[in-house]
Amino acid sequence: MLAIETSTDALSVALGTGEPGAPLWQRSGPGGAQASGTLLPMVRSLLLEAGWSLDTLAAVVFGRGPGSFTGLRTACSVAQGLAYGVQGLGRAGGLPVLPVDTLLALAEEARQARMDAGQPLPGAIVALLDARMGEVYVAPYACHAGGPAGLTPLAPARLCTPADLPAYLQERTPGERLLAGNVFEMDALAALAGQRHPALPTAAALLRLAPGLLAAGHAVAAQDALPLYVRDKVAQTTAERESIRLAAEAGA
């Protein structure tokens with residue numbers, strides 16, 4: 001399988017079966033606006049290095065969101081294009097496409113890092129991604145051993161303000177929790193309880209999750225592969241920014 005992750009400022013691509021101990025080919029680089037120009041050359045390079053052709057793959061996997069609007073659209077459109085493209089190579093209907101939640105991939109990256117380091121797994125992993133505009137994307141997962149199937153969603157991904165996050169997590173993860181993500185430089189989260197593990201979703205994590213998700217029937221046809229935005233607006237208006245500035249000055 002080919003996995004594509006462009007939901008943050010980091011781009012990663014991976015190729016492999018996703019099975020433990022199996023060969024893995026991967027590339028990484030800057031994401032954001034640069035991803036659209038480097039993603040396809042990375043894919044070609046990986047296929048050439050592995051000696052595989054696109055039409056022999058079982059599926060194209062991509063991080064569907066939440067995350068960067070531009071990054072999600074890039075991953076989705078490239079996954080769809082590659083899946084459709086193999087029709088000319090004899091694969092009728094194209095390749096299956098597997099959309100995977102980026103917060104699940106982030107939690108898996110943190111879970112695997114703990115296991116690789118020989119550290120005990122927490123009762124829950126809370127995936128946190130910077131959503132800009134002073135908010136975070138959050139999703140909590142129950143965590144246990146047993147391979148990449150060791151994460152169970154406790155609630156769907158949602159947008160949350162730092163002020164609301166402690167109560168939200170206390171209700172859903174009252175026990176030991178590991179906070180994983182890229183939000184720990186936010187001053188508003190300085191007092192948030194829980195161990196911290198800086199992490200980002202990666203294509204390798206997508207691959208580890210893919211076999212279980214495929215077996216569970218989560219693959220879709222290319223035309224049905226869509227981003228998961230969670231937030232429906234990409235920026236604040238001038239009036240909203242001014243209101244936030246005045247509120248901050250009033251509280252200073």
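Modeller: Here are a few questions and answers on sheets, strands and helices. This is a predicted model, in which local features need pLDDT of at least 70 and side-chain atom pairs count only at pLDDT 80 or more, while totals for chains, interfaces and linings use all residues. Residues are numbered from 1 along each chain as its sequence is written, and side-chain values use heavy atoms, with hydrogens and water left out.

Colleague: Which strands are the edge strands of the open sheet of 5 strands?

Modeller: Strands here are DSSP runs of E with at least two residues, and helices are runs of H or I with at least four, numbered from the N terminus. Two strands pair if DSSP finds at least two bridges between them. The order is β3-β2-β1-β4-β5, with mixed pairing. Pairing on one side only marks the edge strands, β3 (24-30) and β5 (97-101).

Colleague: What angle does the direction of α2 make with that of β4?

Modeller: Helix α2 (residues 69-85) packs on the sheet and touches β1 (2-5), β4 (60-65) and β5; contact means heavy atoms within 4.5 Å. Axes are lines fitted to C-alpha atoms, for helices over the stretch in contact, and angles run from 0 to 180 degrees between N-to-C directions. For α2 and β4 the angle is about 155°.

Colleague: Are α3 and α5 roughly parallel or roughly perpendicular to each other?

Modeller: Helix α3 (residues 102-116) and helix α5 (residues 203-215) pack with their axes 9 Å apart, at an angle of about 95°. Angles under 35 degrees count as roughly parallel, over 145 as roughly antiparallel, 65 to 115 as roughly perpendicular and the rest as oblique. The two helices, α3 and α5, are therefore roughly perpendicular.

Colleague: Why is β7 largely enclosed by the rest of the structure?

Modeller: Buried means under 20% relative accessible area, exposed over 50% and partly exposed in between, with a 1.4 Å probe and protein chains only. Strand β7 (residues 136-143) is largely enclosed because of its buried residues, which number 7 of the 8.

Colleague: What is the bridge partner of Tyr137 in β9?

Modeller: In strand β6 (residues 124-130), which is antiparallel to β7, Leu129 stands opposite Tyr137. Strand β9 (residues 158-160) also runs antiparallel to β7, joined by 3 bridges. There, the partner of Tyr137 is Leu159.
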